[in-house]
Amino acid sequence: MRYAMAVDTKKCVGCSDCVVACQTENNVPIGYCRDWVVESTHGTYPQLEIEIRSERCNHCDNAPCVRCCPTGASHYADGGIVLVTPNKCIGCGACITSCPYDARYPHPDGYVDKCTFCIHRVKKGLEPACVSACPTKCMYFGDLDDPKSPVSEILKVRKHKTLIPEAGTKPQLYFLI
Amino acid sequence: MTNRRDFIKVSGIGVGGLAISASALGVYKSLATSPPKGSELKVNTDRTPTICEICFWKCAGWVYKNDEGKIWKIVGNHEDQHSNGRFCPRGTGGPGQYYDEDRLKHPLIRTGERGEGLFRKASWDEAFDHIAAKMKSIAEEHGPECLAMLTHGSGGKYFGTLLKAFGSNNIAAPSYAQCRGPREVAYHMTFGEGVGSPERIDIRDTKCLVLIGSHLGENMHNGQVQEMSDAIDKGATIITVDPRFSIAASKSKYWMPIKPATDLALLLSWIHVLIYDELYDKEHVEKNTYGFEQLKAHVKNMTPEWAYGITTLAPDVIRKTAKEMADAAPAVIVHPGRHVTWYGDDTQRSRAMAILNGLLGSWGSRGGFYNPETISIPDWPHPPYPVPNRTWRDAYPGKYNLAYETIASGICDATIPDLNKGCSFKGWIVNGTNLLKTIPDAAKTIEAIKHLEMLVVIDTMPMAITDWADVVLPECTYLERYDTIRNSPHRKPAIALRMPAADPMYDTKPAYWMAKELSIRLGLEDYFSWNSIEEMLDWQLKQVGSSLEEMQGIGVKTFERSYDDLYADREQDMEFLTNTGKIELYSTALAAEGFDPIPNYTAHPEAPPGFYRLSYGRAPMHTFGRTANNALLKDLMKENSVWINPKIAGEWDIKNGQYIWLENQDGVRSSFPIRARITERTRWDSVYMVHGFGHTNKKLSRAYGRGASDSELITKVMLDPIMGGTGMRGNFVTFKFKPKKEEAAS
C-alpha cells in the first residue's frame, strides 16, 4: 500500500478551500496551515500563464524529516504516510529545516505539525478533508498499489510532475500539468 | 492569492519563519508534554442541516460539532444542487463568523451624533419600543410609505412582511441596481424571462463558455465554478474577455485582453460575424426571433476591423472566436455575468450578450440555458397587505419603467428632500447590507442618512453603516437560527432547511423573532400569527409533502420536475413572454420606452493623464466586505492589494509590496494605504483591486484599516437610464505616497 495524491493544476482556481477545510477538520490553530496554495505567473502581458498548486507534505518515500528526527517522532506510518507523534516530539525543529517543501510548522502546543493525509478519515474509508471539500474536484487521492484507485487512474492518463525531484526525496504528491 | 510566505509570516511572529532560532524553539519545547489536539479527535457525528449565509449562493450543508459539543466544521450536503456536497472556502470558513468575538452582542441605542459610533447597551424591549414609536410617528406625520428597507440576506423576508403590513412596499436590495439588475432587464427584453439565481446556465454540458469580464474561480459562485471545472475536464472551449489575466483567463483557450470599457464593440462585431459569415442558427432564428433584418442592417459596418480600433483585439481572433461559438452551438453560453453595473450602458451590453445567445440558439438548449423549476410553497396565512398610497416610483415619474425591482440607490436619492420628487423617505431599516460600501458615492448616502428620522440597522457584525444607526439590532449568525425555507430555481425543484446548530451567543436574536416582536408593538401581530418558527416551517413543509422533522434529518429535499422540459423541444413551436412572443433581437419594449431597440456602442470617458481606470473584483475566500474580519478567511487574505502593470510601476518608481494611497479623479484619497502588487496580469491603462477591504469601523479588530476600499473611490456613477443601475467603472485613480492629512500639514 502506498498512499499518494495528485493535484490538477489545470482545474485548480486557487480558492484555498483545501486550506480552510484542513484547518477546521484538524483544528489547525489560526495563523498556521498544513496545506497552502502557490500561484506562479510566467510571461509578459499578454503572453501569460499561471500555474496554481495546492501544496502540502509530499509524504516522501525517502523523507529527510524522518531521517533527521532525533527522537523517532517523525516516522513512516502504514501506506508510507509520514507522521509526527506529538508526545515524542521535542520541538528541535530539525525536520522543519530539512524539509525541502517547507511543509512543517511549529504548533503552539509544542510539537511540530504537518499534513497527515487525514489518516483518521482515510482509515474510515473517507477522502482527506481537502480532497473531499475541493469545489473543482482537482485533487485525487488513493493507493498507488491499487491500479483502480483515483490517483492511479489519473496518473496513468495525465502528464504530471513532482516538486524538487532533484532533492531525491521521492515525493508522493503529484501535480497534473 | 494565498501563498506559503504569508502563512510563514503570520506564524513567524516571534519565531522567525524558516530561520527558526533554537531559543525561540525552546519556548514551545517546554510545552511539548501538553496533550496533542487535532488529528486525534474523537468525532461526534451529530450534524445539523444549514444553508450557508456567507454569500447569496445559499449552499446547503451540514454543521458538525466536536466532542465538547461546539461547532467544529461545515461541509456540503451531497443532495444539494447548489454545492454538490462541496462548500467553497467561505462556506467552509463559516465557523469563523460564529466564533468572531467582534460580533454585535446586544441591542444598541445611539448616544452620540450619527456616524460617531457611540451607543449605549439597550434591552430588546427598549430597542423595540424606540423603533415602534418612531415608525408610528413617521406614519402619522408623513405616511407609512415614507419607510423603506434596504436589505441583503435571509432576514429581509420577515422585515419585508412587517414593512408591507405597515403600509410600505419600498423594499430594495443593492443586489439589483448595484449588481445584476441590468442583466435581468436585458434578458426579460430579449427572452421574456430573467436569468435568476443561481443562473440557469448549463456550464456542466457546454462546449463553449464565453466570459465577458466574469472572473469565475475568483468569484466563487460555487455551482458555476464546479461546473466550469467539469467543462474543462470535458474539453470545453473557454473564451475569456478581460483586461486582466484572470484565473478564468488562465484556463481559457482564448484570452482576449480587451481595452476596458469597450466590450459592446466586441459584442457587436461578434454579432456581425455570426450574421455576415452566416454562422448563426438559421432555422432557429427564422422560426423564433423577431427583428433579424433590423439587426442585420444595424451591425452591417460593425466589422472586426471596426472593433479592432476600439477594443485593441485582433480581427482574426474576433472571427475565430465567433466561429468557435458557432461550432459549439447550441451548446454555447455567452455568460450573462452577475455584477454588471459597469458603465451605465449595462442593460444594452447585457442585451448584446443576450442577442448573441439568441442567434446561437443557446436559450433552452443543453449546454446553453436550461429551464429551471421551483416548487410553490405557500406563505403562512395572513391578512392582505394594505395598498400603499405611494411607492418609490413616484419619486421618478416616467423613469425606470423597465426596472422590475426597487432601486436601492433610488431610495437613497429620494431620501434627500427635493421639491421635484414626490416621495421623501424618513425612515430606513437596513438589514445585512453595509450601505456605505454597497451603494457608490457614500457621501450622498450619508447626506441621505442625515435627513432620516429613523435608521435601524440589523446585522451580525459592526460595519461602517452600524455607526450611523439610531438603533442597532444584533442578529445571531446563520448557524444559530432557523430561517425561511430555501426554495430556489434549479434543474430540479428542491428545498433546503437552515436550523440552529447552536444557541445564539451573546444577546443576539434571529430576524424572524425581531420582526414578530415589532409587529406586536405596531398592532400587526396578525401578520405573524404563528406561535413559533418551528410551527410555521412545519406547516409550510407539510404543504409540499415534507415536514420539519423530515427536513431536520435530510437538510435538502429534491422533487421531480413536473414536465420533462429542462431543455426546450426544438421541434415544437417555442413561445417567449415578450411583446411579440419571439426572442426579440429588436426590442419592442425598449423602443416603446424611447431607448435603442438594438444596442449601440458609445465611447466612455478615458483616464486623464497620470490616472488609471479603477477596476475591481472578488477573491474566492471573501464575500464583499462581510468576511474580512472572519479569522479563518482573514488568514487566507488579510488585505487587498492594487494590481499595477510593471511599466506603470516603473514610471512611478513603485516597488512590489510598497504601501501607497490611491486618489480618484474627484480628489478622494483612500482612507488607508494599500500594497502595490506589481504584476504582468493587468494592463497599463487600468489598475485592479479586490472589493471589500479598507474597513473603517474600529470595532472590527482584524479588518479595520487593512487595505483600501474601492467603494470609497467610486464617487462617479454612470447611471443606466433604462433601469437605474449605478455604473461604477468610470472612476480613475492615481498614486499618492502620503495620507491626505499629512500632505495638508506639510
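Two residues are in contact here if their C-beta atoms, placed from the backbone, lie within 7 Å. Keep that in mind for the tour.

This is a predicted model, in which local features need pLDDT of at least 70, side-chain atom pairs count only at pLDDT 80 or more, and totals for chains, interfaces and linings use all residues. Residues are numbered from 1 along each chain as its sequence is written, and chains are lettered from A and ligands numbered from 1 in the order in which they are written.

**First stop: two domains.** In chain B, select domain 2 (201-370 + 573-592) and domain 3 (612-745); the bounds come from an automatic or database domain assignment. Their C-alpha centres lie 30 Å apart. Where they touch, 18 residues of domain 2 of chain B are in contact with 23 residues of domain 3 of chain B.

**Next: a helix pair.** Select residues 124-142 of chain B for helix α5 and residues 511-521 of chain B for helix α19; they pack at an angle of about 55°, their axes 9 Å apart. (Helices are DSSP runs of H or I, at least four residues, and strands are runs of E, at least two, numbered from the N terminus; axes are lines fitted to C-alpha atoms, for helices over the stretch in contact, and angles run from 0 to 180 degrees between N-to-C directions.) Now show B:F128, B:D129, B:I131 and B:A132 in α5(B), which meet B:E517, B:L518 and B:R521 in α19(B).

Look for the open sheet β16-β17-β18 of chain B, three strands in antiparallel pairing (two strands pair if DSSP finds at least two bridges between them). β16 (486-488) and β18 (556-558) of chain B stand at the edges, each with a single partner strand, so one side of each has no neighbour in the sheet. Finish on B:N487, which stands opposite B:I495 in β17(B).
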